[in-house]
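Please look over the sequence and the model below before reading on.

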Amino acid sequence: MNTTKPKAMRDLIIEGVRRKMEDDKQIFFVTADFGSPALDLLRDQFTGRFCNVGIAEQNLINVSMGLALEGYTVFAYAIAPFISMRAFEQIRTDLSLHASFKKLNVNLLSVGAGMSYDISGPTHHCLEDLTLMRMLPHIELLSPCDANSAVACLDFCFAQASPKYLRLDSKPLGDIYTSAQDQAMTDGFGVLQEGSSVCLVSTGYMTHSAVAAARRLSEGIGVIDVFRFKPESHSALRAALDHYDGIITLEEGFVGAGGLDSMVRGLIANDSKRKRTRHLGVKDHRFEGGGREYLHHLEGIDEQQIVKTTLELLRECRT
């Protein structure tokens, strides 16, 4: 039995950046007055390459772009709804626009994806970022589901000189992948379970729900975790979905608004074999805070509802 206590994605990312900073003097870390125990060590060790801009996410992006233009690899760290929405214009103009003609390695560490700041209420829920970042040219969108996939994303951040948005959960999560090497970053997804008729396609936290639901079903249900939204080509994911008759997308974001469901719809739109689909996510409304399990139940994206929807789609595919 694995008794290792899960670590938060952000702590592993920050620890990895700190270790890299020991050998690479061209790495700079910027935060919008957002801390963590791992960050305390980085700040104390590299006072000359650390900056707290205060609760000013727009300025966080401006400073990060300036540092990147000077040749630094920059990590900008803030709470998800504020770095993605409060600073959206700066991400669009400073990063997306400039990256069209100049290499900028700016990595946005966005903590609090989906409902992970559950009891903090709707101001701290981040349900729009999948849509917003998918819209912007030259912005890589990375959505890991566990610590190992987060580490794989960090390796990609150092290797690829482009702006990136890392959609990180705020809570420690159990392992889905056994190691960072299990990630196929080029393809942008992992096949967690092969199936025959229906496939659950998920991202981030919802991959844990997809795996749990598939285990409860006696049928051979496929599970695919999408962790990179803008690889050079989605042909590999299209091929992985080709033999399924039914597809269910799962996301902690608004459905029908440009997120994972829209990406998958686009992939299969021209298939000669028409697939049956279901899209589970947050409905077109606002809601109050509460525990994550409770919120998922309200929105119909909890494990029980995933199982029910999958069984319904299986029966439909057989008719």
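How are α8 and α12 set relative to each other, oblique or roughly parallel?

## Helices α8 and α12

The model discussed here is a predicted one, and the question concerns helix α8, which covers residues 206–216, and helix α12, which covers residues 303–318. Their axes come within 9 Å and cross at roughly 55 degrees. Because an angle under 35 degrees would count as roughly parallel and one of 65 to 115 degrees as roughly perpendicular, α8 and α12 are oblique to each other, and their crossing is right-handed.

On the side of α8, the contact is made by Met206, Ser209, Ala212, Ala213 and Arg216, while α12 brings Glu303, Gln304, Ile306 and Val307. Sorted by class, the contact of α8 with α12 has 5 nonpolar, 2 polar and 2 charged residues.

## Helices α1 and α2

Helix α1, made up of residues 9–21, packs with helix α2, made up of residues 37–45, at an angle of about 20 degrees, and the two axes lie 9 Å apart. These helices are therefore roughly parallel to each other, and α1 passes α2 in a left-handed crossing.

From α1, the residues Asp11, Ile14, Glu15, Val17, Arg18 and Met21 take part, and they meet Ala38, Leu39, Leu41, Leu42 and Gln45 in α2. By class, this contact of α1 with α2 has 7 nonpolar, 1 polar and 3 charged residues.

## Helices α3 and α5

Helix α3 (residues 57–69) and helix α5 (residues 88–97) have axes that come within 9 Å and cross at roughly 5 degrees, which makes α3 roughly parallel to α5. The contact involves Gln58, Ile61, Asn62 and Met65 of α3 together with Gln90, Ile91, Asp94 and Leu95 of α5. By class, the contact of α3 with α5 has 4 nonpolar, 3 polar and 1 charged residues.

How many cavities of 30 Å³ or more does the structure hold? There are 2 of them, and the largest cavity contains about 60 Å³ of space. Its lining is formed by Ala113, Ser143, Pro144, Arg167, Leu168, Asp169, Thr203, Gly204, Tyr205, Met206, Glu252 and Arg292, and by class that lining has 5 nonpolar, 3 polar and 4 charged residues. Met206, listed among the residues lining the largest cavity, is also one of the residues through which α8 makes its contact with α12.

The second largest cavity has a volume of about 30 Å³. Lys7, Ala8, Met9, Asp146, Ala147, Lys171, Pro172 and Leu173 line this second largest cavity, and by class its lining has 5 nonpolar, no polar and 3 charged residues. Met9, one of these lining residues, lies in helix α1, which runs over residues 9–21.

Terms used. Residues numbered from 1 in each chain as written. Predicted model: local features only at pLDDT ≥ 70, side-chain atom pairs only at ≥ 80, totals over all residues. Heavy atoms only, no water. Axes fitted to C-alpha atoms, helices over the stretch in contact; angles between N-to-C directions. Helix = DSSP H or I, 4+ residues; strand = E, 2+ residues; numbered from the N terminus. Parallel < 35°, antiparallel > 145°, perpendicular 65-115°, else oblique. Left-handed = near helix turned anticlockwise from the far one by under 90°. Contact = heavy atoms within 4.5 Å. Nonpolar A, V, L, I, M, F, W, Y, C, P; charged D, E, K, R; others polar. 1 Å grid on protein atoms, 1.4 Å probe; cavity = no way out; pocket = protein on both sides within 12 Å on 5 of 7 lines; lining within 4 Å. Points joined across faces, edges and corners; volume = space filled by probe spheres on them.
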